[in-house]
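Hi everyone, thanks for coming. I'd like to walk you through one structure today, so please have a look at it on the screen.

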Amino acid sequence: MAPAISISLDDSSDMTDFVINQGHGVKGLSEMGIKTLPKQYIQPMEERLMTKIEPQESIPVIDMSKWDDIQVANSICDAAEKWGFFQVVNHGVPLQVLDDVKKATYGFFGLPAEEKRKYSKENSSSNNVRFGTSFTPQVEKALEWKDYLSLFYVSDEEAAALWPPVCKDQTLEYMKSSKPLINHLLQVLMKRLNVNVIDETKQSLLTGSVRTNINYYPICPNPELTVGVGRHSDVSTLTVLLQDNVGGLYVRGNEGEDSWIHVPPISGAIVINIGDALQIMSNGRYRSVEHRVTANGSSNRISVPIFVNPRPQDMIGPLPETLANGKKPIYKQVLYSDYVKHFFRKAHDGKKTVDFAKITEF
């Protein structure tokens, strides 16, 4: 139902108040039936264009039904090295759990603005629960056409007390059901790095903190002028992404600067991508890859990523096993919280965040 309110699309403060302060988000703009994209959302030409789409290429789809098969392990590691992205099917996460979290995402974004506003930066009772829009509106020159709810997991008790009732149970179940998949993927990926045993310290380094977003990309009046999410790589160890059947996720291809590959929705599949933290820990062997989401002129889109991360207080750098036989480190040791702060301090800018950890040679 369209918000019963009128705003001036030309007035920046009026727009900010409606979208952010009042909690309507871009979903509220979309539901007003606006015919023209507000100027705040018009991206620079270089951010809108994907000059070279690779229709004949696709990221690997890996059948996980035989988890212990060496060929499956090799496929996972090869995909992490070459593409940084792959999809998994027969992954062990119940399809009902995936359906439930998608419905819960629609449930949250279907709440009245005053309900969603309770979880905004200004009103939320915890920094671990955050409803927002775009990426970092305070520093972006052009806003992204997306609303989100970010949920940082501390404990079941905190989630029960603070997460929105309409989606907390389903999101928690999705996170818990994904743990065996995440642990198996990391065991396989570590083995290729000659880390044969993931002890408690390494487990904490790889998966010490977890955050889930539920994302909503409303119908956009001029999708060609904006983006759902701009070019970036994730700061995670791994990202586990559930997308719906709409499509719009693109990853940077191997054919140069302007090569982009669509990640087609596959029923029941989960998208896996390598994050910057794992690229750094693998000393560059595994790749975190730029990706982006287009805006859509005819369908609402949702996605639910789980970001598996080091803890804020962890130092991340190349694992000792990756520096065997005199191999030189590409990256220095950095405090993970510093790395994440650097990421959120600026607008999306492709792969530039990883330069923060690079060793500069003079």
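I'll start with the whole chain, then go through the sheets, the helices, and a couple of single residues.

First, some housekeeping. This is a predicted model, where local features need pLDDT of at least 70 and side-chain atom pairs count only at pLDDT 80 or more, while totals for chains, interfaces and linings use all residues. Residues are numbered from 1 along each chain as its sequence is written, and side-chain values use heavy atoms, with hydrogens and water left out.

Now the overall picture. The protein chain has 11 helices and 15 strands; helices here are DSSP runs of H or I with at least four residues, strands are E runs of at least two, and both are numbered from the N terminus. The C-alpha atoms fill a box of roughly 65 × 45 × 40 Å along the principal axes. For 362 residues, a compact globule would have a radius of gyration near 21 Å, and the protein chain, at 20 Å, agrees with that. That radius is taken over C-alpha atoms, and the globule rule is 2.2 Å times the number of residues to the power 0.38.

Of the 362 residues, 54% count as buried. Buried means under 20% relative accessible area, exposed means over 50%, and partly exposed is in between, with a 1.4 Å probe and protein chains only. As for contacts, meaning heavy atoms within 4.5 Å, take the ones between residues at least 6 apart in sequence: 76% of these join residues at least 24 apart.

On to the sheets. There is an open sheet of 8 strands, in the order β2-β3-β11-β8-β13-β6-β5-β4, with mixed pairing. Two strands pair if DSSP finds at least two bridges between them. At the edges stand β2 (61–63) and β4, each with a single partner strand, so one side of each is left without a neighbour in the sheet. On average, neighbouring strands of this sheet are turned by 25° against each other, direction ignored.

Let me zoom in on β11, residues 270–274. How many of the residues of this strand are buried? The count is 5 of the 5, so β11 is largely enclosed by the rest of the structure. In a regular strand, side chains alternate between the two faces of the sheet. Here Ile270, Ile272 and Ile274 are buried on one side, and Val271 and Asn273 are buried on the other. Strand β3 (residues 85–89) pairs with β11 in the antiparallel sense over 4 bridges, with Gln87 opposite Val271. Strand β8 (residues 238–243) is also antiparallel to β11, over 4 bridges, and there Leu238 stands opposite Ile274.

There is also an open sheet of 5 strands, ordered β1-β10-β9-β12-β7, again with mixed pairing. Its edge strands, β1 (52–53) and β7 (229–232), each pair on one side only. β7 runs antiparallel to β12 (residues 291–293), joined by 2 bridges, and Val229 is opposite Val293.

Next, two helices. The axes of α5 (residues 95–109) and α8 (residues 168–192) come within 8 Å and cross at roughly 145°. Axes are lines fitted to C-alpha atoms, for helices over the stretch in contact, and angles run from 0 to 180 degrees between N-to-C directions. At this contact, Val97, Leu98, Asp100, Val101 and Ala104 in α5 meet Gln170, Thr171, Glu173, Tyr174 and Ser177 in α8. And α8 also lies across β3, β5, β6, β8, β11 and β13, running at about 135° to β8.

Finally, two single residues. Lys118 is found in the loop between α6 (113–117) and β4 (129–133). Is Lys118 buried or partly exposed? At 44% relative accessibility, Lys118 counts as partly exposed. Leaving aside neighbours within four places in sequence, Lys118 is in contact with Asn123 and Ser124.

Thr353 is found in the segment after α11 (336–344). Thr353 is buried, with a relative accessible area of 1%. Thr353 and Val166 are 187 residues apart in sequence and 34 Å apart in space, C-alpha to C-alpha.
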